[in-house]
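My entries follow in the order I made them.

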Amino acid sequence: MTEWAPPQAGWLKLNFDGSSWGNPGLAGFGGLLRTSTGQVMKVYSGPAGSCTSNEAESRALLEGVRLLKDESRTPLVIEGDSALTIAWAKGTCPPPWHLKLLFDEIWDITLEWQVSWSKVPRSANSLADNLAKQGVRRAFTITGTSLPLP
């Protein structure tokens, strides 16, 4: 079983995940930003309405990078357990037309960042997975600087 690993010193790591109860179905998203020592800097969780798992994953990524918009341009590792969402974000294959504007915003925000994109096993993304599952039941998006979220 693969576990979460911290980024190298001087880097931050964003883990994101989406969850859909049905495909499509009620969905949520969540994620967290941590330092190279594992310290949690930001946490988020929220509802994504009724959508597919790919849409929930993509929304989770967008919400995560939106939280970073005003941060200093520290090098960043972005990890998710969806190979397709990571491929869309890296630009190795185009996103579907209905997600194009969402990925345009992701690319605009991350353009000036040094970013390393990585697909990881679900076991290495378990906190983000739990936050996404909580997001399905939330009425609105919440953010914080520590776990657990209310």
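Helices (H or I, at least four residues) and strands (E, at least two) are DSSP runs, numbered from the N terminus.

I noted that this is a predicted model, in which local features need pLDDT of at least 70 and side-chain atom pairs count only at pLDDT 80 or more, while totals for chains, interfaces and linings use all residues. Residues are numbered from 1 along each chain as its sequence is written, and side-chain values use heavy atoms, with hydrogens and water left out.

Entry 1, strand β4. I looked up which way its residues point. Leu-76, Ile-78 and Gly-80 face one way and Val-77 and Glu-79 the other, and all are buried. In a regular strand the side chains alternate between the two faces of the sheet. Five of the five residues of β4 are buried, so the strand is largely enclosed by the rest of the structure.

Entry 2, partners of β4. Two strands pair if DSSP finds at least two bridges between them. I found five bridges joining β4 (residues 76-80) to β1 (residues 12-22), and the two run parallel. Leu-12 stands opposite Leu-76, and Leu-14 has Ile-78 as its bridge partner. β4 is also joined to β5 by five bridges, again in parallel. There, Ile-78 stands opposite Trp-117.

I read the order as β5-β4-β1-β2-β3-β6, an open sheet of six strands with mixed pairing. β5 (115-119) and β6 (142-144) are at the edges with a single partner strand each, so one side of each has no neighbour in the sheet. The twist averages 15 degrees from one strand to the next.

β2 and β3 are antiparallel over 10 bridges, and Phe-29 has Gly-46 in β3 as its bridge partner. Their hairpin has five residues between the strands, and Gly-38 takes a positive phi near 90 degrees there. β3 and β6 are antiparallel too, with three bridges. Ser-45 stands opposite Ile-142 in β6.

I took a nonpolar core as a set of buried Ala, Val, Leu, Ile, Met, Phe, Trp, Tyr and Cys residues joined through side-chain atoms within 4.5 Å. The largest has 27 residues, and those with the most contacts inside it include Leu-14, Leu-61, Leu-76, Ile-78 and Ile-106. β1, β2, β3, α1, β4, α2 and α3 each supply at least two residues of this core. Which helix gives the most to this core? It is α1, with six residues.

Contact means heavy atoms within 4.5 Å. Leaving out residues up to four places away in sequence, I found that Ile-106 touches Ser-58, Leu-61, Leu-62, Val-65 and Trp-117.

Is Cys-93 buried, partly exposed or exposed? At 26% relative accessibility, Cys-93 counts as partly exposed. Cys-93 is in the loop between α2 (83-90) and α3 (100-110). Its contacts, not counting residues up to four places away in sequence, are Leu-84, Ala-87 and Trp-88.

Key
Axes are lines fitted to C-alpha atoms, for helices over the stretch in contact, and angles run from 0 to 180 degrees between N-to-C directions. Buried means under 20% relative accessible area, exposed over 50%, partly exposed in between (1.4 Å probe, protein chains only).
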